[in-house]
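Hi,

Here is the model I said I'd pass on.

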Number of protein chains: 2
Amino acid sequence: MRVALDAASGDLGPEVCVDGALRASAETGEEVALVGPKAVLEGILSARSLDGARITVVDAPDVIGMNEHPAKAVRQKPRSSVVVACEMVSRGEADAVVSPGNTGATMAASLLKIQRIKGIDRPAIAIPMPTVSGVSLLLDGGANAESRPQHLLQFALMGAIYYSSLTGVENPTVGLLSVGEEPEKGNDLTIEAHKLLLSSGLNFIGNVEGRDIPFGKANVIVCDGFVGNVVLKFAEGMGRALFDMIREEIGRSLILKLGGALARPAFVNVKRRMDDREYGGAPLLGVNKVTMIAHGSSDSKAIYNAVKAAIRTKQYGVTEQIQAAVQDYAQRTSGV
Amino acid sequence: MRVALDAASGDLGPEVCVDGALRASAETGEEVALVGPKAVLEGILSARSLDGARITVVDAPDVIGMNEHPAKAVRQKPRSSVVVACEMVSRGEADAVVSPGNTGATMAASLLKIQRIKGIDRPAIAIPMPTVSGVSLLLDGGANAESRPQHLLQFALMGAIYYSSLTGVENPTVGLLSVGEEPEKGNDLTIEAHKLLLSSGLNFIGNVEGRDIPFGKANVIVCDGFVGNVVLKFAEGMGRALFDMIREEIGRSLILKLGGALARPAFVNVKRRMDDREYGGAPLLGVNKVTMIAHGSSDSKAIYNAVKAAIRTKQYGVTEQIQAAVQDYAQRTSGV
């Protein structure tokens, strides 16, 4: 297997991508193609030891910036790292693409080059959300601004398969994010989606509310991409804000500082449990190969986990299982 | 001034309502009418000392339960505490209603008895959200499942006035909750609402994202009631989940427990800063008097703060200012 890693688009520069790729390749034995300005990447590589990693470099002189217009940039920069990486997948030269760059551009390049799975109307970004007891998967995390009920059903089908690949849990529970537990609570979208999910054959446990997410009430939680993106970013902000406040309050006296120092390993553990880097980025589910979106601020550990997540997703056959599930669902509901 | 307190519908029973009312009345000098089963309320009162509080009891033998269908229950139970309290306001026998009961029933009774302000299409629940630096106001917190762009504009007009009454801040900043900072990022609703807000005369700072909420980037944040309700409940769940995890991790060894004990005042302070009970419930803005919705699990401190918030809202003239602002906006935009 070969993973094409867009090594030029992350906020922290190509070094962390090279380091993450080296570690992931050495550990898994799979090949990683670093895609970006050749001289830069080879320069970094020459200062590193391979330690058994299988690394190649594929030249892509251009980069799409974080603030560029995604669709326009993808059209205007055919030699940018993310477009070249997606083309490798499209030509069969790689099995998966990983990018810490402009999320919209990664999506646009994936849709253009790798294309949608037949029967999936809207690919979705599936976000691993840490919970008190492990991890839930929230989707759509922002691939789509508007959704229709059948899109939410497709998110659920895809999310359940990815959740199994991530955790080993079979037949994971699926919840529909809404504003009350009763099926009739919500907006037009959730009320209709509820009916579709009830007859989906999935392990649907009904509506879940915002407060249920951090407690892992459902393994897979579906919502439209606007709501998902707001929740995902709010969680990020609230985690940071709470730890900022704790740090500030602990700084107020020597006794508090002493207590904080003694209790420090507990905070480190909580932060680790809340750290979404552990789950290696968010897949764009519904494209015909594997696209793994890493955070723009990914460090080498996050890149390492994202490459490993891409490899695991390919090995588990997530894409093929989604293709089969969509066909199966279409046959069942058409009465064939 | 007289506040009608629905003293029968909260999760914790009438005692906490009586205690909260006594304290708020004694402190402000304003009268509180306790609405609920007369014998029960008088029994509780007879065991308390008034300490200068001005308390009356208004009989309402029925109660609407938390899980009853709001509109149906309001129709079928004309002698329930929340309906009787709203009727007092409607007849001019009280200036404000406060209820810790079924939120939907409080809304339905308010809309039926107190009615909407002319020019406000959809009343909204305005939620005080604690931030690292103080408080922001998020609305709509769930009064409406679907919104149109002009509703979000009205939420902003109303929210800015209430925010000033809550904090003393004049001309507060208004943000539109979306999935990116650029005006064109978002869904159809936010893209259109952005345009309306730009020409509203409000102190509009543009789109804000989920991660900006806990840092107080805008004083007033508007969104549709579905998104607002999800965010509000997610914040509640995430706060609880994080403190649960910290407690669990600190319990793992004696040293950690010692550190936790020494640092305990810091945690207490963070919890106090995150405690939405400090802000006294959430007003239903856009009705013709004052309706203050308290949390179902309100204790006597939360009821005390909710009654005080209702008094402050009336004293500040929030309703009258909203009436004037809506008329002013209508005149400006009709070109008169």
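By salt bridge I mean a side-chain nitrogen of Lys or Arg within 4 Å of a carboxyl oxygen of Asp or Glu.

Some housekeeping before the rest. This is a predicted model, so local features need pLDDT of at least 70 and side-chain atom pairs count only at pLDDT 80 or more, while totals for chains, interfaces and linings use all residues. Residues are numbered from 1 along each chain as its sequence is written, chains are lettered from A and ligands numbered from 1 in the order in which they are written, and side-chain values use heavy atoms, with hydrogens and water left out.

Now the interface between the chains. The count of salt bridges between chain A and chain B is eight, and 16 residue pairs are in polar contact, both residues at pLDDT 80 or more. (A polar contact is a pair of N or O atoms within 3.5 Å; within protein, one must be able to donate a hydrogen and the other to accept it, and residues adjacent in sequence count only if both atoms are side-chain atoms.) On the chain A side, the elements giving two or more residues are α7 (188-198), α8 (225-250), α9 (254-262) and α10 (264-273). The largest share, 22 residues, comes from α8(A). Helices here are DSSP runs of H or I with at least four residues, strands are runs of E with at least two, and both are numbered from the N terminus. That side of chain A divides into 32 nonpolar, 11 polar and 12 charged residues; Ala, Val, Leu, Ile, Met, Phe, Trp, Tyr, Cys and Pro count as nonpolar, Asp, Glu, Lys and Arg as charged, and the others, Gly among them, as polar.

Each chain puts 55 residues into the contact, meaning heavy atoms within 4.5 Å. Chain A and chain B bury about 5100 Å² between them, 76% of it on carbon and sulfur atoms. Buried area is the accessible area (1.4 Å probe) that two parts lose on being put together, summed over both.

Inside chain A there is a second interface to look at. About 1100 Å² is buried between the two domains of chain A, with carbon and sulfur atoms giving 54%. On the domain 1 side, A:I120, A:R312 and A:Y316 lose the most area, together 39% of what that side buries. Between these domains I find zero salt bridges and one residue pair in polar contact. Helix α11 (residues 300-316) gives the largest share of the domain 1 side, seven residues.

The peptide bond from A:L139 to A:D140 is cis, with omega near 15°, and A:D140 lies in the loop between β7 (134-139) and α6 (149-167) of chain A. In chain B, a cis peptide bond joins B:L139 and B:D140, with omega about 10°. A:N171, in the loop between α6 and β8 (173-177) of chain A, has a positive phi near 50°.

Cheers
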